[in-house]
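Work through the following exercises with the sequence and the structure at hand. Each task is followed by a solution in steps.

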Amino acid sequence: MLTYIVIAAIKSLVLIHVLLGAVAYTVWLERKVVGRIQNRWGPTRVGPFGLLQPIADGVKFILKEDLTPPYVYKPLFILAPFLAVVMALTSIAVIPLGGQLPLGRWSTGLQITSTADGTGDINIALLILLGVTSIAVYGIALAGWSSNNKYSLLGSLRASAQMISYELSLGLSLVGVLLLAGSLSLRKIVNTQSGGLVHWYIWPQLIGFFIYLVSAYAETNRIPFDLPEAETELVAGYHTEYSAMKFAMFFMAEYANMFTVACVATLLFFGGWSEPWPGLTPQSLPPLVKALAPLFWFALKVFVFIFVYIWVRGTLPRFRYDQLMAFGWKFLLPLAIANIIITSFIVAWQS
Amino acid sequence: MVPLSYYLGLSAVLFCLGVLGFLIRRSIITIFMSIELMLNAVNLSFVAFGAYLHTLNGQVFVFFVMVVAAAEAAVGLAIIIAVFRTRETLNVDRVNLLKL
Amino acid sequence: MLHLILFFIFAAVCIAAAINLLAQSHPINSALSLIVVMGSLAVLYLLLGAEFVAAIQIIVYAGAVMVLFVFVIMLLNAGTEEHSGKSYVAWFIGIPSVIALAALVVYSLLLHQGQTGNASVSSNSMIGSVQEIAKLLFGKFLLPFEVTSVLILIAIMGAVVLAKRGDN
Amino acid sequence: MNHNEPNLYLWLIPLLPLAGAAINGLFGRRFPKKVVATVGLVFVAAAFLLSAWASWQLTHLPLKIPHIEEHLPWITAGGDFRVDFSFYLDQLSMVMILVVTGVGFLIHVYSVGYMEHEGGYYRFFSYLNLFMFFMLTLVLSSSYLLMFVGWEGVGLASYLLIGFFLTKDSAANAGKKAFIVNRIGDFGFLIAMFLMFQKFGSLNFSDVFSKASSLPVETAGGVGILTAIALLLMLGATGKSAQVPLYVWLPDAMEGPTPVSALIHAATMVTAGVYMVARSNAIFSRSPLALVVVAIIGCVTALFAATIGMTQTDIKRVLAYSTISQLGYMFLACGVAAYSAAIFHLMTHAFFKALLFLCAGSVIHALGGEQDMRNMGGLRKKIPVTFWTMTIGTFAIAGFPPLAGFFSKDEILWKVWANGYKALWVAAIITAGITSFYMFRLWFMTFFGERREAEHGAGHDNHGHANNGDHVHESPLIMLVPLMILAFLSFTGGWVNIPKALGGNNHFDEFLSPVLSTGTMSAEPENPSLEVTLAITSVAVASVGLFLAWLFYCKRRDLPDKFAAALNGLYTLVRDKYRIDELYNWLFVQPVVEGSRKLLWQEIDVGTIDTLVNEAADSAQLVSNEARKMQSGNIRSYAGWVALGAAAVVAYMIWVGLR
């Protein structure tokens with residue numbers, strides 16, 4: 001029992017750091033890619049290719065004055081960014097990143113919440129993920145409200161309405177995959193997709209994936225659904241009044257959420273850590289490297305997904321708010337329901 | 001292992017706190033939240049009894065309670081909004097007449 | 001043992017948050033307290049082996065219903081509640097009644113303590129509880145399930161009609 | 001329905017006028033008068049033609065008589081109670097539907113002219129058609145209950161038509177009076193039906209009559225349920241047919257338009273009682289006591305009404321009392337078990353009394369609404385057609401041969417004598433003389449002498465014309481043609497039943513004899529010479545009446561006043577209709593009104609019930625005033641009460657658990 005807790009704690013620490021690093025470099029990546037899309041260079045000055053830029057940014061955020069405006073509702077004003085970032089980081093806990101990692105006498109699953117032997121995980125991982133995502137709304141909502149600023153409030157109202165609305169289609173878009181896999185356990189879902197590209201659920205659940213993709217963009221308040229922080233209308237939306245590290249926390253939360261979303265997409269639609277086709281990993285590799293190979297595949301897929309995120313940001317314009325709501329409720333939701341019905345008929349017919 | 005009576009006691013305490021909230025608070029929204037608290041307290045005893053009796057019926061019942069609670073929240077909050085629009089107050093002591 | 005410790009921790013959190021719900025004068029604090037209560041209850045459900053209910057508790061209650069509350073609080077810009085006249089009935093009949101109620105329930109629990117055992121996951125029989133619940137919901141409880149769907153539909157329509165701003 | 005029988009479409013006969021009533025009643029307001037009249041006439045004419053066709057079928061085809069057509073089930077209760085919408089056609093109802101539709105049609109035609117200038121034209125025709133519907137239902141029904149529907153329905157139609165001039169207080173009051181007085185009779189009818197069902201287990205004519213026929217005759221010593229039923233039916237008949245003691249409504253009913261008086265209050269509705277008694281002859285024949293009662297009531301009514309008729313000055317009221325008197329004759333005939341004579345008189349009376357009323361209407365029409373005979377006179381030349389037709393009617397009712405009234409009245413008189421009721425015969429022959437007297441009085445006062453101007457002001461002004469009519473004019477043709485047809489019928493109507501003693505063959509009696517088998521009492525001796533003697537006597541009495549009328553009202557105009565002065569008290573009493581209305585008023589109306597006011601209203605309602613209610617309300621208010629503090633509108637206090645209740649419930653449950 002104690003060992004289990006210690007190992008879980010170690011895994012959490014490692015993962016959080018890796019994740020925060022990844023977040024930092026995603027920001028860099030985004031600036032570079034968007035720069036390229038807009039035919040400019042992006043950051044180049046700090047370090048080679050501007051690689052040290054995230055570190056410089058971090059130092060800047062830490063050293064800046066942490067301004068708390070007057071008339072804000074202080075407890076919640078402080079709580080909100082923490083809530084956002086904590087929820088964003090929590091969701092990574094249930095995500096399996098690979099199979100088992102043999103460490104001498106022990107072996108452990110590449111997942112914080114995996115069972116002691118690393119072969120199983122909690123049954124309802126996906127539901128927990130959805131639950132944590134739904135809690136994440138509070139961070140944004142409270143931030144906007146406690147700021148005592150009408151732009152912030154409008155931004156947070158928009159954000160919460162948008163997130164509640166799209167959470168529905170997000171959740172429903174996953175049901176198709178769940179029906180096919182027959183489990184809520186992410187590990188089992190990945191295992192049913194092993195054996196190469198053709199077994200991935202993106203093919204039978206193309207519509208589901210489309211819905212998921214759109215809803216995920218809306219959930220993370222990214223372009224083309226970034227209305228809560230639409231500069232032209234609301235200054236910076238719910239984090240207008242935030243500065244320094246608190247502001248950075250929202251940033252981290254947003255990018256961490258992107259990661260979570262990308263991970264879920266990878267796990268549910270792209271076969272998780274499995275190889276694109278069998279035998280791609282050379283057999284001659286040392287055991288440890290071989291054990292880490294799934295991690296590579298997983299990271300690669302997540303990277304592709306993140307890249308698509310940035311790509312979309314660079315190309316698509318912003319929706320109008322009523323269009324956004326109408327799209328979510330009148331198009332995506334019925335489509336998701338239809339997808340579930342059709343999928344369940346097919347599953348029932350096949351069994 | 002946790003005795004059933006602990007869960008039931010916790011459930012009872014939460015329920016009574018909910019009732020108390022209804023009695024002493026004046027904001028409609030807080031009163032509404034007290035109701036939710038009571039529902040949650042009852043849910044806890046359902047699940048506890050279900051575990052005690054080794055049956056899932058308790059959990060199914062909780063599921064239904066949640067559905068009703070969600071429906072109630074939707075309608076109730078809509079009513080609160082409507083009341084607020086006409087009376088400009090959320091204080092139940094001021095909402096004591098059926099007509100305006 | 002671990003169960004008992006966890007139970008006490010979360011029960012304490014639960015009661016503390018519930019008391020905070022009553023004590024706070026600003027509705028948004030009450031709402032956050034209630035979210036904490038619900039989260040703690042979700043943990044207690046997990047302790048009882050009710051994984052599905054725990055997850056639903058978070059998603060539906062904490063994630064949807066309470067968001068709605070917070071949303072409405074923000075929308076109406078509900079401030080700290082004003083102190084208007086006291087309700088003597090509530091104070092002098094209601095509160096003693098509540099205390100009596102609590103005392104009576106606790107008394108009856110103590111009275112029957114010997115007859116009740118432990119409420120916990122006895123074995124792995126509950127392991128597939130999502131599937132089991134699904135079987136119950138879509139089998140034995142199909143009719144109530146469908147009826148609740150109608151209820152939800154009606155509630156949605158009612159909410160829309162109520163909250164819609166009239167033409168006049 | 002029996003499928004071997006041809007379908008005579010009996011249900012259409014009543015329903016056709018109903019359709020007319022519905023069309024006129026629902027849409028007539030928007031129709032021009034011509035359309036209203038056409039609708040009213042066409043449906044009644046169709047009913048008449050259909051009746052004639054059905055009658056021809058009945059008499060010429062080898063039909064099973066009575067011919068019963070069952071249509072819809074109406075009421076079924078308790079397993080053995082069952083009443084259908086079924087119709088019953090035999091010789092008796094055949095005569096009735098022919099009279100009702102025939103005379104009814106003629107009066108409809110007359111009304112087209114008479115009501116020309118009245119308001120509510122469509123309403124009038126709608127009511128009239130409605131009356132036809134109910135009357136035909138009454139005579140065609142195959143059970144007492146359906147008959148009762150018609151019975152009540154004609155009462156309703158009568159009420160509506162008496163009160164047709166609904167802005168006139170006297171008309172409205174007369175309508176109410178008719179309705180209320182009829183209720184008393186209907187009450188008897190209802191009780192009779194209850195007893196009948198209790199005794200026979202059915203209300204269908206066939207069942208009741210066959211079962212009643214199997215019962216022994218209830219002689220004076222063994223008065224039983226049949227007598228009770230018969231007397232209660234007779235109570236109903238006295239109400240509907242205006243017999244003593246319930247005749248008081250009929251004179252007042254003359255407030256209605258004259259065609260209504262002719263149709264409803266002379267020719268058809270008021271004879272419903274006679275029809276009902278004749279129809280129930282199986283029951284009456286089993287109860288000699290009831291028959292005697294019927295005979296005495298009839299005779300008393302006849303004499304009584306005739307004496308009142310002598311003194312009345314309103315032309316329609318004279319005719320109304322005459323109607324009562326003639327109805328008394330019919331009941332007298334029924335009472336001596338001479339049902340066919342009663343029906344015969346019913347038919348001839350329908351002809352000549354309708355004629356008389358219509359002529360009176362024509363006179364009134366001519367004089368622009370004048371009804372007081374004292375203001376008439378010398379109209380013979382001015383309205384010759386009316387005069388001549390009225391003459392025929394007068395001679396017919398007075399009983400001069402060979403007109404219709406002679407044969408029918410004479411048959412009644414003969415049957416009374418032949419059955420041994422000598423005293424009743426004397427009364428009846430006196431009545432005949434009085435009848436002759438007052439009818440000729442009317443005749444002379446109206447048509448002879450000089451025109452007397454209105455001394456009594458405007459008189460009755462229920463007619464739309466200008467009142468001071470120097471331009472006395474004959475009625476239009478559409479009113480005169482019915483008069484002529486009815487005059488013809490009044491003249492010849494009696495020839496269908498010329499007694500054997502006068503060389504006839506009693507065709508009508510024989511025709512009706514299957515239905516009206518007179519049972520035990522028809523064993524009168526064949527005595528042609530006596531019959532002829534009696535007939536001559538009655539003609540002589542009628543002639544005396546004619547002479548006296550001529551003497552009083554044509555030759556010596558001063559005589560009536562002297563006579564009246566000499567017999568002051570008696571004359572006033574008779575003129576005031578024996579003060580029966582006042583008697584009833586004092587005996588029944590006042591006690592009811594005063595009792596209602598003093599006891600029911602002031603004591604019981606205000607004093608007791610209201611006080612109780614007020615006390616209850618006050619105490620409720622007292623309690624509520626305290627209890628409503630629970631309903632403060634404050635949600636939190638509600639929650640407090642709920643919490644108290646919850647604690648109480650939990651406490652109770654624990655207590656139960658501990659026990």
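**Exercise 1.** Find the largest nonpolar core of this predicted model and state which residues have the most contacts inside it.

Solution. The largest nonpolar core holds 219 residues. Those with the most contacts inside this core are D:F131, D:L332, D:A342, D:A354 and D:A428. Next, look for the element behind its largest share: helix α15 of chain D, residues 339-366, supplies 20 residues. Then turn to a second, separate core, which has 188 residues. Among its members are A:L97, A:L180, C:V53 and C:V89.

**Exercise 2.** Which residues does D:A428 touch, not counting residues up to four places away in sequence?

Solution. With those neighbours set aside, D:A428 touches D:C299, D:A302, D:L332, D:L413 and D:V416. One of these, D:L332, is also listed with D:A428 among the residues with the most contacts inside the largest nonpolar core.

**Exercise 3.** Describe chain D as a whole: its secondary structure, its share of buried residues and the sequence separation of its contacts.

Solution. Start with the secondary structure, which comes to 25 helices and two strands. Of the 659 residues in chain D, 52% are buried. Finally, take the contacts in chain D with a separation of 6 or more: 80% of them join residues 24 or more positions apart.

**Exercise 4.** Describe the contacts of chain C with chain B and with chain D.

Solution. Begin with chain B: the contact takes 73 residues from chain C and 61 residues from chain B. On the chain C side, the elements that give two or more residues include α1 (2-23), α2 (27-47), α3 (51-76) and α4 (88-111). The largest share, 12 residues, comes from α3(C). By class, this side of chain C has 54 nonpolar, 16 polar and three charged residues.

Now chain D: 12 residues of chain C are in contact with 13 residues of chain D. Here the chain C side divides into eight nonpolar, four polar and no charged residues.

Definitions and conventions. Residues numbered from 1 in each chain as written. Chains lettered and ligands numbered in written order. Predicted model: local features only at pLDDT ≥ 70, side-chain atom pairs only at ≥ 80, totals over all residues. Contact = placed C-beta atoms within 7 Å. Nonpolar A, V, L, I, M, F, W, Y, C, P; charged D, E, K, R; others polar. Core = buried A, V, L, I, M, F, W, Y, C linked by C-beta atoms within 7 Å. Buried ≥ 20, exposed ≤ 12 C-beta atoms within 10 Å, placed from the backbone. Helix = DSSP H or I, 4+ residues; strand = E, 2+ residues; numbered from the N terminus.
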